[in-house]
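Have the model open as you read.

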Amino acid sequence: MIEPPDKLDEAKVIRWAWSGNKPFGVIPNLDSNESIEVFGLAICQYENSSEVYRFCCDKEWEVQQDSVYESVDEALSKLPAQFKLMVAKWETKQDASGT
């Protein structure tokens with residue numbers, strides 16, 4: 001399991017899931033005919049924002065796609081069918097203080 005950094009795209013990581021050796025699914029690459037494999041999913045929140053984002057990331061935790069939601073529960077429950085090749089086991093990100 002590869003844990004993400006504390007922040008992705010300057011947003012704090014709240015929950016995350018790693019698919020392992022097989023991706024959760026793929027997303028189209030608008031720059032080529034190849035698809036991007038999604039290995040990491042992260043629920044994140046920007047400072048001073050009430051919205052949360054679900055980031056779809058490649059093997060290096062580089063954000064490839066995002067979606068905005070009103071709550072963490074909504075972001076977790078609305079996982080698109082294309083990311084259900086592997087079951088997401090969601091982890092809670094621990095902050096620097098260990099809480």
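Q: Which element does Ala17 lie in?
A: Ala17 lies in strand 2. Keep in mind that this is a predicted model.

Q: Why is Ala17 called buried?
A: Residues count as buried when the relative accessible area is under 20%. Ala17 has 0% relative accessibility, so the label buried applies.

Q: What does Ala17 touch, not counting residues up to four places away in sequence?
A: Ala17 touches Phe24, Phe39, Gly40, Leu41, Trp61, Ala88, Lys89 and Trp90. Ala17 and Thr92 are 75 residues apart in sequence, while their C-alpha atoms are 8.9 Å apart in space.

Q: How do you know that strand 2 pairs with strand 5?
A: Two strands pair if there are at least two bridges between them. Strand 2 and strand 5 (residues 40-45) have six bridges, in the antiparallel sense.

Q: What makes strand 2 and strand 8 a pair?
A: The requirement is at least two bridges, and strand 2 and strand 8 (residues 91-92) have two, again antiparallel. In strand 8, Glu91 is the bridge partner of Trp16.

Q: How do strand 1 and strand 2 pair, and over how many bridges?
A: Strand 1 (residues 7-8) and strand 2 pair in the antiparallel sense over two bridges. Leu8 stands opposite Ala11 in strand 2. The hairpin of these strands has two residues between them, and Asp9 takes a positive phi near 55° there.

Q: Why is the pair of Tyr46 and Tyr53 called edge-to-face?
A: Planes over 60 degrees apart count as edge-to-face. For Tyr46 and Tyr53 the planes are at 85° and the centres 5.2 Å apart, so the pair is edge-to-face.

Q: Is Tyr46 buried or partly exposed, and is Tyr53 buried or exposed?
A: The cut-off for buried is under 20%, and for exposed over 50%. Tyr46 has 23% relative accessibility, so it counts as partly exposed. Tyr53 has a relative accessible area of 18%, so it is buried.

Q: How many aromatic pairs does the structure hold, and which residues form one aromatic cluster?
A: The structure holds six aromatic pairs. Trp16, Trp18, Phe39 and Trp61 form one aromatic cluster.

Q: Which residues have the most contacts inside the largest nonpolar core?
A: They are Phe24, Val38, Leu41, Phe83, Ala88 and Trp90, in a core of 15 residues. Strand 4 (35-38), strand 5 and strand 6 each supply at least two residues of this core. A second, separate core has 12 residues, including Val13, Trp18, Phe55 and Cys57. In soluble globular proteins, nonpolar side chains tend to be buried together.

Q: What is Trp90 in contact with, leaving aside its neighbours within four places in sequence?
A: Trp90 is in contact with Arg15, Trp16, Ala17, Leu41, Ala42, Ile43 and Leu76.

Q: Why is Ser19 called buried?
A: Ser19 has a relative accessible area of 8%, under the 20% cut-off, so Ser19 is buried. Ser19 sits in the loop between strand 2 and strand 3 (25-28). A polar atom of its side chain lies 2.6 Å from the backbone oxygen of Lys22.

Q: How do you know that the radius of gyration agrees with a compact globule?
A: For 99 residues, a compact globule would have a radius near 13 Å; the chain has 13 Å, so the values agree. Buried residues make up 35% of the 99 residues.

How values were computed
Residues numbered from 1 in each chain as written. Predicted model: local features only at pLDDT ≥ 70, side-chain atom pairs only at ≥ 80, totals over all residues. Heavy atoms only, no water. Phe/Tyr/Trp six-rings, centres within 6.5 Å; stacked < 30°, edge-to-face > 60°. Buried < 20%, exposed > 50% of the residue type's maximum accessible area, 1.4 Å probe, protein only. Helix = DSSP H or I, 4+ residues; strand = E, 2+ residues; numbered from the N terminus. Core = buried A, V, L, I, M, F, W, Y, C linked by side-chain atoms within 4.5 Å. Contact = heavy atoms within 4.5 Å. Polar contact = N/O pair within 3.5 Å; in protein donor to acceptor, adjacent residues only side chain to side chain. Rg over C-alpha atoms; globule rule 2.2 N^0.38 Å.
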